[in-house]
Each structure stands twice: as structure tokens, then as C-alpha cells.
Amino acid sequence: MLEVEQRSEGTPANDGSFEPAMADATVRTWLAISGDCVKVLDLDGHLLSLNEGGRLLLEVDEPRQILGKAWPTLWKDAGHEQAVAAVAAARAGERSRFRAAAETFKGTPKFWDVEVAPIAGADGRPARILVVSRDVSQERRNEQRLLEIARRVSENARIETENLRQLLRDAPSIMCVLRGPSHVFELLNEAALQLTGHRDLLGLSAREAFPGPEGEALSAVLDTVYQTGNAFTASDAAVKLQRQPGQAYEEAFLNLVFQAIRDEDGKVSGVFVEGTDITARVQAERALAETEKRLRLAQEVAGIGSLEVDVATGETRGSEQFWRIWGLEPRDSINISVLEGIVVPEDSGVRSSLETRQDGSARPEVEYRIRRPDTGELRWVARHIEFIHDANGKPVQMVGVMQDVTERKQIEEQRVLLTRELEHRMKNTLAMVGAIAAQTLRGDDMEAARGALIDRLAALAAANDILMQRNWSSAPIGAVVEGALKPHLSEERLRIAGPALWVNAKQGLALSLGLHELATNAAKYGALSNACGTVSVEWSKGLAADGTPVFHLEWREQGGPPVTPPSRRGFGSRLIERVLAADFRGCVRIDYAAAGLSCILEAPLGDLPSTGEETTA
Amino acid sequence: MAETTRSPAVLVVEDEVLIRMSIADSLEEAGFTVYEAANADQAIKLLEVHQDIRVLFTDIDMPGSMDGLRLAEAVRNRWPPVKIIITSGHVKIRQEELPVDGHFFAKPYDAALVVSAMRNLVGPKRH
């Protein structure tokens, strides 16, 4: 019951209570200034009075509009029932309190905190009912907003948790959470099932789940992480994965991370394990390495070095073979200026330069000479490059290959030499033909001279043929003799004999021409001019009077008509005596003995090529 | 070939004996006294001995210590009055490679032209 009502009837007491007179004034003042809605009802709940604050709160223009009305009728629904109950309770002398919503007279929705208490009459029994309603709409709205926030937060948290769970479950990485010191599987995502062989390991410890040595190794890692709290990572760990249930296990590679999970106090309570499947990358890397190895091998075999030049800095990188070509120790890179110093100065206009690299005008395919720093050798190199440009079309890199082409160059040079040599031989041969022709055509008998010229040229050609077979280096004497005497070879009275010896080109030509002259003379006047004469051509090795080795060749005619020395020395005999002697650096003697002509050539054996391979021409 | 004759003497230097013989024959028939050498060393020796040599006719491509050009140079220095005619199978001989007043015949040459060139240089006059 309200204290003020009691005190109005009672005796003043020095216990801090209001004096009756003061109480009355206090109540009036309080009613006037109170922001609450203070009403007095009769015991049936009819509204007897209303303070000014109440009138404003209820938005009542005139108190008459509301006075006399049953207070519970101002409420609706739950508020109405609570109001009825509160009035009944007050009538029974009970205080009550409820919170409910009700609109003002002007329809503004409000929420009220209502206190209902009986006011005792003189007999001490409830005579009136005091209702104090406080507008708690703002409070209520705040509460509801908070509630809404709380609800949303909780919903978001639920969604987030669910999302995380889903993410975890569907993550391509292998993820699991192991709890406690014995590492009990608490959570495993789908990907992790590949590692566990699609077994449900929840609730099992690591040692129970993997009893073998692999499990022991895993547990040892988990123990360490659990005890130290330090993360553990393993790169390119080789494992066996079962991609789908029932499939065979495949070799796979994981990057593994073991991370301690800490509770609120910072104490380690579990381990989070994450594994990224890098099998495809590892396999790609292996395939690439294999390809690169193959390419490198091919390049090594072909002697090709590869190179990369950074245009801006001149930094040059190269393969092993590249350094070998340049005669440098293998290294990561070198500045191109060092290489430019190795290129011979005469070829500096051929190689690339700072300028031609920067404007991209360096010639893509060039050959130049280098002086190898390790051996001092002069080598020819061929290099082929291409430019790589940036987005603005500016050359940034020069890439290419390089090869030592010294041997090819030497062959080319040899070919040039050979061509020149051939040209020289041809000129020489033509000069000889000219000389022979001039000598042959000297006489008056042009008909005879023409025949003689053709025969002499044929002898020259025969020797030429034999020499050509051996690259003009040498010829076997037997072949030269047979070639020169070809028109007479069918004659059984021609005897040719001698050891396998070789003559050089000059000697071969001279011998061929000389023998031809002898045979022609024999056919005209000598042993081959009748039916029974014989000719022998024999050669041998021997020793001269002073002991030096000599070559000896003898033409001997027998059984021919009696020989008379010629009245005039013709071209034939001069050719034999002078050309043969000169080209063999020996001496030639023609003996016009009556029984038969003989011609002997004696020359130092050392002037003959010792084998058929030497070039002494 | 006797030095006692009054015909002008020429020195033919050619390692190819057949060619040497041929041009020597032509020159002798034309009335010249002809000395023959197979290389530069022989040529120098002949020049030292035979003061009557008026013309050097030399091939360029020869084995030995000197080729024909170096021989011509040596002759130009030691025997300035001796006229020089050079021959070679290599057509590409630059004018500056030839000695001053040098004449050149590409091989193969026409002996008659060589003879008339010699006559222009030193005679003998034909009647």
C-alpha cells in the first residue's frame, strides 16, 4: 500500500515519513510535475482522476473524455486481460505490475509499464485503486532493437558457422581437426577422405586410425606440434591417395601444414591439419624437367648453346654448352661486354652492340670469330637470336642459340682452296696443251702434225684420268704406263713389269707423255714397226753408287729394224730427255744402239710419293 | 745459246718444263739467246753469271724461296736495266702488284705475242 495514504491518517513519526500536511502538498506537487500517468480508480475500475502528466501521455484533450470510463476498457487484448486482473488484485488488496501495449486517444502506439496498487480507506480496506503507468515505449523499442540485433547476430553466426562448415567440407584442400593430446579426429572434410581411404575416422585417435609406421610418423609430428605449439610444414610430401572410394591408391604430393589450435586461455587443445594437393604441379614440373632435359641433351649433342640477354643491363645467361663455346667456366650470368671483348675486333661490326640491341636492329643470324680465353684458339661461331618486346614494342630481351661452326668454316675454306687449286690445275693443263700444240705444229706437214697432236693430247688425258682418281695427288706407275701405252697394249711383244710404286702428278704427266713418244717412235721406226720386235718397260728400286735409294725405269726395244740415230732431235726426244728428267729430278739417257733403242730413267727414290695417299704434286 | 752471239739474251723462269721448253723454242727461233731457270734461285744465279740478259720472263706461281713477283722485285733492285715480263695462270693480278714497267701475259699465252713484246723491248731488229 502507498506510504503517503497511510501517513495522511497516522501520527507523525520521526522515522523519515512525510508529515500529513506536507504529504498532501508533496503528493499534489508530485502529481503535477510527474511525467508518469497517475490515475485513481474506484474499486470497479472506473477512472476517477487523472494527473496532468497522464493527460499529456494519453493525448487526451479534455479529462472529461476519459473520466468515468472503466480503465481496463482502455486496453486491448493481453493488456485488457492484465488490466482486469490488476484491478481485481487491487480490490483484493494486492499490488501488481504488468507491461503492455496500448494506443493513446489519438492512436499513437505506446508501451506501458503499469503499477497498480490499492489505496486503503479509513477502515484499512482498499477503497480506491492507484494506477501509475510509465511510458516505456522508447525503452521497449530499444529492447526490441537489441533483441533483433541479437537475433540477427545469432542467425549470422549460425549461417557463418554453417558456411564455414560447408567451405571446410567442400574445400579442395585436405583439412582435419584433431583434439587433445592423443589427437582424436574431430573433423574431417571430404578431401581428407582421400587420405583416410574414405573411412570415417571421427572419434578415433591418430594412432588408432593409422596403426602402421606411417601413423607413428604422423603422430610424432602431431605430438611435437601439440607440445610446442609451433606450426610444422612439409613441402612436396609424397603420399598415397585414394581419389574415389574403391579406386586404387595413387602416388600424390601434398604441401602439409600442421597448426596448433589454442583454447581461450591460449593453451593448445588440438591440431589443425591442412594439405594442398600439388600432384598435378609436381607432375607438370617433372614433365617440364624431362622435356628440358631432353632439349638440353639434344642441344648438347648438337653442340648448341642457348642464351638470353637482358637488353637494358646486358646481363647474359646461357646453358652449359654456351659457356663451353665461349671457353668460359660455367656460371649463372655474365655481362655481355665480356663476351664482346672475346669477339675478334675485325668482327665487331657483325656482332650485336648496345645500340643494335636497344633499337632491335641487331642482325638475327650472324657468324663471327672469337678468341677463346681458355685455349687462345680462334673459333668461328654462328648465333641466331630473336627479340622479345615489351607492350610498347621496345626490345627487352634477346634470346637465341649459338654453335661453334669452326669445322664447317674450315671445310668451306678448304672448298674455296680446292676450287682455286682446280682452277690452277686447269690453267696449267691448258698451258701444257698450248706448249704441246705449239711444239707439235711447228713442222710443215700439218696432216701428220694433227695426228701427232691428237695422240699426244690423248696421252696427257690418260695420265689426267689416272691422277683424277686420286684427287690429283698420286698415281700408281703401272696404271700410268698402261694408260700411256694403251694403243699398243694388245701387242703380246710389249712387256710391262715393276713393283707397286707411286708417282706424283707432275711425274705422272711427264711419264705418260714420255712413254707415248717412245711408243710412237717404236711403232714408226723401232721394235713395234715390224712383226717380231719386242719392247719391255720395267722399273725397280735400287741403290745408287753412293748408296742413296734410286728409282730406275727402263724402256728397251729388241728385234726391230737396225737403229740409226736421228739426224735432228725432235720434240719427242727433247720431251723425254728434258721433261722426264726435270720432273723426276733425275737423268734420262736415250741410247740409239743398233740392236734396239733403249731409254733409261734414274731418279732419287725419295722424290717419289712413298704411298699413294700423299700430296706431293 | 752461246754468249758470243750478238743476239739479245732473255731469261725464262718457269717451273713447268714443257711450257718453258715451248716458249724457249719460240724465242730461240725468233733470234733470242735464251737462258732457262726452273725457279727464282736458279734465275738469280744465271743473272749473276750472264751479264747480257736484257729481259726477264717469269711465271708467278713457282715453288722455292721466291715467287715470280718477288723475283721481279729483286731483279728490279739489283739489275735495274733488265726489262720484266710476268706471266701467270691467275688472271686477277692487280696493276700495283706488278713491278714498274712490268708487262703481263695471262696463261695460256700466245708465244708469238710474247715474242713481239720482247722485240719491242730489246730487238733484234729484223731486216
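**How the chains meet**

A: Chain A and chain B bury about 1700 Å² between them, and 59% of that lies on carbon and sulfur atoms; buried area is the accessible area (1.4 Å probe) that two parts lose on being put together, summed over both. This is a predicted model, in which local features need pLDDT of at least 70 and side-chain atom pairs count only at pLDDT 80 or more, while totals for chains, interfaces and linings use all residues. Residues are numbered from 1 along each chain as its sequence is written, chains are lettered from A and ligands numbered from 1 in the order in which they are written, and side-chain values use heavy atoms, with hydrogens and water left out.

Q: How many salt bridges cross the interface?

A: The rule finds 3 between chain A and chain B; a salt bridge is a side-chain nitrogen of Lys or Arg within 4 Å of a carboxyl oxygen of Asp or Glu. One of them joins A:Arg578 to B:Glu36, with the closest N and O atoms 2.3 Å apart.

Q: Let us turn to helix 17 of chain A. Why is it described as largely enclosed?

A: Helix 17 of chain A is largely enclosed by the rest of the structure because 11 of its 14 residues are buried. Buried means under 20% relative accessible area, exposed over 50%, partly exposed in between (1.4 Å probe, protein chains only). Among the buried residues are A:Phe571, A:Leu575 and A:Phe584.

Q: What follows that helix?

A: Helix 17 of chain A is followed by A:Arg585, whose phi is positive, near 50°.

Q: A new topic: where does A:Ser205 lie?

A: A:Ser205 lies in the loop between helix 6 (192–196) and helix 7 (206–209) of chain A.

Q: Is A:Ser205 buried or exposed?

A: A:Ser205 is buried, with a relative accessible area of 9%. Leaving aside its neighbours within four places in sequence, A:Ser205 is in contact with A:Ser182, A:His183, A:Val184 and A:Phe185.

Conventions:
Helix = DSSP H or I, 4+ residues; strand = E, 2+ residues; numbered from the N terminus. Contact = heavy atoms within 4.5 Å.
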